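Subject: Structure handover

Hello,

Here is the structure I said I would pass on. My notes on it follow below.

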Amino acid sequence: MEPIRIRNAEPSDYKAIISVVNDWWGGRNMRDMLPKLFFVHFRQTSFIAEASSHVAGFVTGFVSQTFPEEAYIHFIGVNPQFRRENVGRTLCEHFFTVVRPLGCKVVRCVTSPVNRNSVAFWLRMGFATEPADVNVDGLCVAKDYDGIGEDRVLFVKQLGAKS
Ligand SMILES: CC(C)(COP(=O)(O)OP(=O)(O)OC[C@H]1O[C@@H](n2cnc3c(N)ncnc32)[C@H](O)[C@@H]1OP(=O)(O)O)[C@@H](O)C(=O)NCCC(=O)NCCS
């Protein structure tokens, strides 16, 4: 596998990312949920994984203004050509390494219950599901969390000294 380099996201990365994001999510319309502001105002906590000249993946997130001890991962995406090669894990762990010294003790994220790959990924990354309204096929689901019909699984991870 090619060596991966992680660097902070830049506004100039947006065009390349937004043009592939629907494809990377298997054709779902995700584009509208990833505004450029993440590549402008959250550069300290948003990262690009590069492999030679390719974008291998990205993660966008932030430290909560309301809960300064919490960080939030908004999107993580890995180029299908680089999947199951630890790119997602490396991006996540980089995010944890950056937010921990900023005072974060907890990381949260949400995903759609239809995205079973994402659910499996977050569980492997040490996240736990949070209690929610209903149980769907063994999964705690918060109904209409992100609007009517937009159910979500809520994840939380306690950041240890190294995890
Ligand atoms: C989810 C995603 C980011 C995973 O990226 P990845 O680079 O392939 O994941 P990694 O290789 O780093 O895997 C990390 C761990 O998750 C597990 N994992 C990754 N994808 C998985 C899948 N589809 N099913 C089950 N487990 C999976 C790996 O086995 C690994 O666990 P291990 O280290 O204990 O063996 C990638 O599949 C993706 O971009 N999917 C589309 C976008 C998306 O759904 N993003 C998440 C919601 S924002």
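Predicted model: local features only at pLDDT ≥ 70, side-chain atom pairs only at ≥ 80, totals over all residues.

The ligand

The ligand sits in the largest pocket. Its shell is made up of 20 residues, and the closest are Ile76, Val78, Arg89, Asn115 and Arg124. Three elements each supply at least two residues of that shell: strand 4 (70–78), helix 4 and helix 5 (116–124).

Backbone atoms of the protein also come up to oxygen atoms of the ligand. A polar backbone atom of Arg84 is 2.8 Å from a ligand oxygen. For Asn86, the distance from a polar backbone atom to an oxygen atom of the ligand is 2.9 Å. Gly88 has a backbone N or O atom 2.8 Å from a ligand oxygen. On its own the ligand has 910 Å² of accessible area, and the protein covers 83% of it.

Arg84 is not a glycine, yet its phi is positive, at about 60°. Asn86 is also a residue other than glycine with a positive phi, near 75°.

How exposed are Arg84 and Asn86? Arg84 has a relative accessible area of 84%, so it counts as exposed. Asn86 has 48% and is therefore partly exposed, since exposed means over 50%. These percentages take only the protein chains into account.

Helix 4

Helix 4 covers residues 87–99, which makes 13 residues. From its first C-alpha to its last it reaches 18 Å, close to the 18 Å expected at 1.5 Å a residue.

Which residues of helix 4 are buried? They are Val87, Gly88, Leu91, Cys92, Phe95, Phe96 and Val99. As background to that list, an α-helix has 3.6 residues a turn, so residues three or four places apart point the same way. One of the buried residues, Gly88, is also the residue with a backbone N or O atom 2.8 Å from a ligand oxygen.

His94 also belongs to helix 4. Its relative accessibility is 27%, so His94 counts as partly exposed. His94 is 87 residues from Arg7 in sequence, while their C-alpha atoms are 9.6 Å apart in space.

Arg7 lies in strand 1, which runs over residues 5–8. Is Arg7 buried or exposed? Arg7 is buried, because its relative accessible area is 18% and the cut-off for buried is under 20%.

Its side chain has two polar contacts to report. One joins the side chains of Arg7 and Asp13 at 2.7 Å. The other joins the side chains of Arg7 and Glu50 at 3.1 Å.

Other places along the chain

Trp24 is in helix 2, residues 21–24. At 10% relative accessibility, Trp24 counts as buried. Trp24 is 17 residues from Arg7 in sequence, and the two C-alpha atoms are 20 Å apart in space.

Pro11 is in the loop between strand 1 and helix 1 (14–18). Its relative accessibility of 23% makes Pro11 partly exposed. Between the C-alpha atoms of Pro11 and Asn29 there are 21 Å, and along the chain these residues are 18 apart.

Thr45 is in the loop between helix 3 (37–41) and strand 2 (47–51). Although in a loop, Thr45 is buried, with a relative accessibility of 6%. What does the side chain of Thr45 reach? It reaches the backbone oxygen of Gly61, at 2.7 Å.

Where to start

If you open the model with one thing in mind, begin at the ligand in the largest pocket. Arg7 in strand 1 can follow, with its contacts to Asp13 and Glu50.

Regards

Note on methods
Residues numbered from 1 in each chain as written. Heavy atoms only, no water. Helix = DSSP H or I, 4+ residues; strand = E, 2+ residues; numbered from the N terminus. Expected span 1.5 Å × (residues − 1). Buried < 20%, exposed > 50% of the residue type's maximum accessible area, 1.4 Å probe, protein only. Near = heavy atom within 4 Å. Polar contact = N/O pair within 3.5 Å; in protein donor to acceptor, adjacent residues only side chain to side chain. Areas by Shrake-Rupley, 256 points an atom, 1.4 Å probe, with all protein chains shown as cover. 1 Å grid on protein atoms, 1.4 Å probe; cavity = no way out; pocket = protein on both sides within 12 Å on 5 of 7 lines; lining within 4 Å. Sits in = over half its atoms within 2 Å of the grid points.
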